[in-house]
Protein chains: 2
Amino acid sequence: MARLGDCIAMMDEGIGRVSQVIPDMPAAEARLTRLLLMVGQTFDEAVEQALKPNKINHSDFLTLMILYSRPDGSSTPGELCEYTSQGATNMTRIANVLVKRGLITRGASEEDRRRVVIRITPAGRRFVQKLLPPLFPRVSAAFAGFSDADKRSFSRLLRKLADNLDRLDEAPSP
Amino acid sequence: MARLGDCIAMMDEGIGRVSQVIPDMPAAEARLTRLLLMVGQTFDEAVEQALKPNKINHSDFLTLMILYSRPDGSSTPGELCEYTSQGATNMTRIANVLVKRGLITRGASEEDRRRVVIRITPAGRRFVQKLLPPLFPRVSAAFAGFSDADKRSFSRLLRKLADNLDRLDEAPSP
DNA sequence: CTAAATTTGTTCACTGGTGAAATATGAGCT
DNA sequence: AGCTCATATTTCACCAGTGAACAAATTTAG
């Protein structure tokens with residue numbers, strides 16, 4: 001596959017040419033958007049790749065990590081959908097997979113019997129603790145050359161973007 | 001669906017708790033990684049949403065845009081695979097779709113008959129020119145509140161990340 | 001206290017994307 | 001020429017994720 005840098009160079013030229021034909025295009029913002037999408041996708045692929053030896057995919061892993069990070073180690077499909085940005089349909093599949101591997105349990109709630117309670121098992125915790133450390137070097141390497149100020153800037157700008165996107169979705173129908 | 005800001009707040013807390021249990025985790029970098037993935041995914045969904053009224057999906061659109069941005073309006077499946085980061089299999093499907101809609105043509109190359117030449121049609125150009133302008137307001141709005149310095153920073157940091165990722169993939173097997 | 005409306009989760013049918021094998025052309029070697 | 005190896009694309013079988021319809025439990029309104 002082509003190096004990301006080549007794809008970016010190609011995108012830069014492409015947007016340059018298009019913005020000559022269509023001058024009212026916000027070229028700078030379009031470049032940033034494409035950059036973000038390309039880098040984001042590459043990160044995604046890198047994560048997927050790094051998880052592959054453990055035979056778990058990104059969304060299953062993320063779901064498990066949320067449970068792991070909870071003080072009580074439990075949640076419900078609906079809540080997990082919200083925080084993983086997954087549809088309910090897919091969460092059913094994810095839970096099926098994780099239950100089958102013995103990493104979580106799934107049982108009916110006492111108070112509200114519509115609800116399903118999902119809980120990470122001891123085996124699930126051990127799995128996470130074994131899986132995480134080998135990822136650390138790559139995570140660190142991705143941000144090689146970032147000063148502390150760079151990291152603060154990047155965090156600030158991404159959070160601002162998130163804020164803008166939230167507003168964008170709310171505005172249309174108040 | 002939950003607001004992105006809530007997901008981010010939840011992620012911040014989660015990483016805080018996990019890094020107490022696993023102190024050698026690079027917590028700052030892990031936060032930035034998750035932030036990037038979350039914002040990237042939300043951007044992706046926003047693009048997909050914005051394209052939906054035109055009944056075209058993101059990867060089909062991206063492929064068409066690359067052809068549009070080319071001086072000669074043509075390319076080959078292999079080249080398009082590289083620059084869209086799509087597998088060859090999927091490029092076959094994309095080309096099928098775009099040909100069926102009359103937005104591109106697909107024909108055998110003269111010089112190398114293994115190759116297939118893909119070319120954007122006049123209808124394809126009209127489609128792009130009609131589709132783009134309505135996207136501009138949203139693209140601009142996503143970066144609302146970004147100063148010129150912010151935009152330069154963001155571009156610089158994303159390009160540095162891309163560079164790091166390229167090195168990460170090359171180093172393992174030289 | 002019952003009937004309608006809402007919430008929660010699952011099933012089903014479909015779209016989008018991937019890896020492995022198949023096909024076909026081209027390039028290099030002897 | 002003939003043989004082998006590499007390249008370019010497609011086909012096939014499968015995994016991941018989505019929207020619509022459904023089922024069960026709870027809340028709300030009359």
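Mentor: Residues are numbered from 1 along each chain as its sequence is written, while chains are lettered from A and ligands numbered from 1 in the order written. As the model is predicted, local features need pLDDT of at least 70 and side-chain atom pairs count only at pLDDT 80 or more, though totals for chains, interfaces and linings use all residues.

Trainee: What is the secondary structure of chain A?

Mentor: Helices (H or I, at least four residues) and strands (E, at least two) are DSSP runs, numbered from the N terminus. Chain A has eight helices and three strands, in the order α-α-α-β-α-α-β-β-α-α-α.

Trainee: Which residues of α2(B) are buried?

Mentor: Buried means that 20 or more other C-beta atoms, placed from the backbone, lie within 10 Å of a residue's own. In α2(B), they include B:Leu32, B:Leu35, B:Leu36 and B:Val39. Across chain A, buried residues make up 28% of the 174 residues.

Trainee: Which residues are closest to DNA strand C?

Mentor: A residue is near a strand if its C-beta atom, placed from the backbone, lies within 6 Å of it. Here 19 residues surround DNA strand C, and the closest are A:Thr76, A:Gly78, A:Ala88, B:Thr89 and B:Arg113. Two or more residues each come from α4 (77-84) and α5 (88-100) of chain A, and from α5 (88-100) of chain B. With four residues, α5(A) gives the most to that surface.

Trainee: How far does chain A span along its principal axes?

Mentor: Its C-alpha trace covers about 60 × 45 × 30 Å.

Terms used
Buried ≥ 20, exposed ≤ 12 C-beta atoms within 10 Å, placed from the backbone.
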